[in-house]
Amino acid sequence: MWDTLMPVEPSRRAEYYDRGWWRRETFLDDLWRAARERPDAAAVIAYENGVQARKLTYRRLAETVDRFAGALLELGVGRSDVVVVHLPNWWMLSPLYLACSRIGAVVASVIPPFGGRELRHVLNDTAARVCVVPSSYNGIDYAQRLLEVAPDTLVHRVVMGDAAATGAVDFTEFFVNTKWEQRQRVIGVVPPGPDDIAQVVYTSGTTGRPKGVAHSFNTMYAATRAFSDIYQLGADDAVLIPHYLTHLAGSAYSIWMPVVLGGTCVLQDTTDMALLLDLVAAHGVTLVFGAPVYVMGMLAAQRGQPRDISSLRCLNTGSAPVPPQLVAQVREVLGVRLDSNFGMSECGAITITRGDDPEGWAAHSDGSPVDWIEVRIDAPPGEQVGRLLIRGASLCLGYINQAEAFAACLDSGGWFDTGDTARDDGRGGIRITGRRADLIVRSNGLMLPTLEGEAMLGGHPAVKDVVVVGYQDPAVAGADLACAVVVPVGEPPGLAELREFLDEQQVSVRDWPDRLEIVTELPRNAQGKVLRAALRQRLD
């Protein structure tokens with residue numbers, strides 16, 4: 001599996017070290033440093049269902065990491081083994097990630113919206129030895145789902161909550177309450193090096209099945225610097241990200257970055273923006289990152305009940321276009337500048353708007369490149385818009401078990417094709433102008449894997465032909481809803497019938513169509529490809 005990744009070319013590797021974009025340390029060194037120098041400082045402050053569930057100081061975080069690491073060793077996890085973490089934004093994420101690092105294992109993070117099919121794919125793809133899930137969350141029985149999809153290669157199912165119901169290992173009893181660190185097994189384990197694999201982040205599967213994006217400690221460290229460098233963050237700063245912390249942005253900027261800084265990760269397991277503002281006020285949060293829909297929620301909550309959020313000095317958004325009025329409203333209601341960034345699971349933030357940009361620039365640009373990423377717009381002669389290519393220190397090492405797919409994105413110079421189109425913004429930055437024709441981005445920033453969805457819908461007996469296309473979400477500017485355009489066999493199916501079929505196939509609710517259109521045939525070009533743009537125009 002790990003031999004399917006692509007090592008960084010030696011001269012570039014040397015450059016990254018020379019320029020300080022990579023380093024000889026790992027996040028474990030940051031943890032131990034903070035535990036020595038700031039033992040009583042808050043490392044993790046976690047809320048569940050609106051109530052503070054756990055607070056870990058750096059001393060306590062370091063102790064918990066050793067305890068969890070001992071638990072993993074007891075379960076037979078060793079160097080380069082994979083531990084799948086399929087959890088909401090709960091307090092144990094930080095110590096679990098770091099515990100995997102402590103024994104040289106690799107954490108594979110999976111966002112809660114993934115369905116059973118995707119989870120099965122991840123478990124098979126990684127040959128994971130351990131998978132950690134909640135017993136239930138948001139009405140979904142994750143423990144039962146894991147029992148049903150677990151392959152033979154999975155040695156242990158670990159459940160947070162009612163583990164006995166499915167015969168799983170009880171997380172609280174085994175990991176939290178058992179003092180594995182006193183048995184000294186962890187002390188003799190040699191920590192990983194900075195070029196070893198730290199995490200595998202699974203994409204949303206926009207071009208088929210989810211891809212396992214492999215990041216080393218150094219590529220992830222470089223990714224964390226997008227916010228910490230631009231905003232000059234330090235040990236006194238606290239970060240709150242309402243997105244899932246098992247995706248790249250949450251992992252990089254809410255799990256790993258605070259440890260690098262010796263700062264504080266504040267987390268909540270809901271998308272309640274009133275609660276988010278309460279936490280900003282209560283814990284002096286300085287940085288919030290969220291998709292535009294979350295920023296809109298912050299505005300509504302602050303208008304409804306003004307709070308003292310004067311600690312907030314950095315507000316960044318991404319994943320969807322930023323409406324101009326949103327920038328003005330943020331300044332007026334929240335009292336801060338709204339920045340935007342463009343990034344992807346393969347490398348974190350690529351571009352970001354800066355303090356010296358014109359007021360409201362986030363509505364017109366996706367920002368200028370971070371120092372360690374080169375950006376190139378490959379446009380045809382005489383054209384301004386072209387393919388967006390990148391290369392640099394935070395670019396991942398590849399897709400596990402999909403070497404050809406990653407290689408297909410690279411040219412001979414090491415430039416990675418993002419699959420997006422862009423133009424120059426006139427200030428040395430970029431403006432994203434287009435996406436892959438089959439890419440659908442929902443208001444929460446999650447992307448719908450259209451090809452996979454079409455394949456599943458095509459299995460319904462009443463569907464002869466089908467394509468899934470995006471159309472404007474009327475509630476959120478710049479966000480998409482999904483429409484299934486179906487050529488039926490006989491009596492056309494209804495939307496509810498198609499959703500029920502997908503549910504039976506354990507497809508994530510996120511990937512269900514919001515709308516159904518029945519047609520007699522799909523428009524195609526001479527090569528037989530569906531003309532998605534024409535369909536989208538019909539839906540507007």
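Me: Is Gln506 buried, exposed or partly exposed?
Reply: Gln506 is partly exposed, with a relative accessible area of 24%. Buried means under 20% relative accessible area, exposed over 50%, and partly exposed in between, using a 1.4 Å probe on protein chains only.

Me: Where is Gln506 found?
Reply: Gln506 is in the loop between H15 and strand S25 (515-518). Helices (H or I, at least four residues) and strands (E, at least two) are DSSP runs, numbered from the N terminus. This is a predicted model, where local features need pLDDT of at least 70, side-chain atom pairs count only at pLDDT 80 or more, and totals for chains, interfaces and linings use all residues. Residues are numbered from 1 along each chain as its sequence is written, and side-chain values use heavy atoms, with hydrogens and water left out.

Me: What's the phi of Gln506?
Reply: Positive, about 60°, although Gln506 is not a glycine. Most residues other than glycine have a negative phi.

Me: And Asn49, what's its phi?
Reply: Phi of Asn49 is positive too, near 55°. Asn49 lies in the loop between strand S1 (42-48) and strand S2 (51-57), and is exposed, with a relative accessible area of 67%.

Me: Back to H15, which residues are buried there?
Reply: In H15 (residues 495-504), Leu498, Phe501 and Leu502 are buried. Seen down the axis, the buried residues of H15 fall within an arc of 95° (taken from the directions from the helix axis to the C-beta atoms), so they line one face of the helix.

Me: What does the face turned away from the buried side carry?
Reply: That face of H15 carries the exposed residues Ala496 and Glu504.
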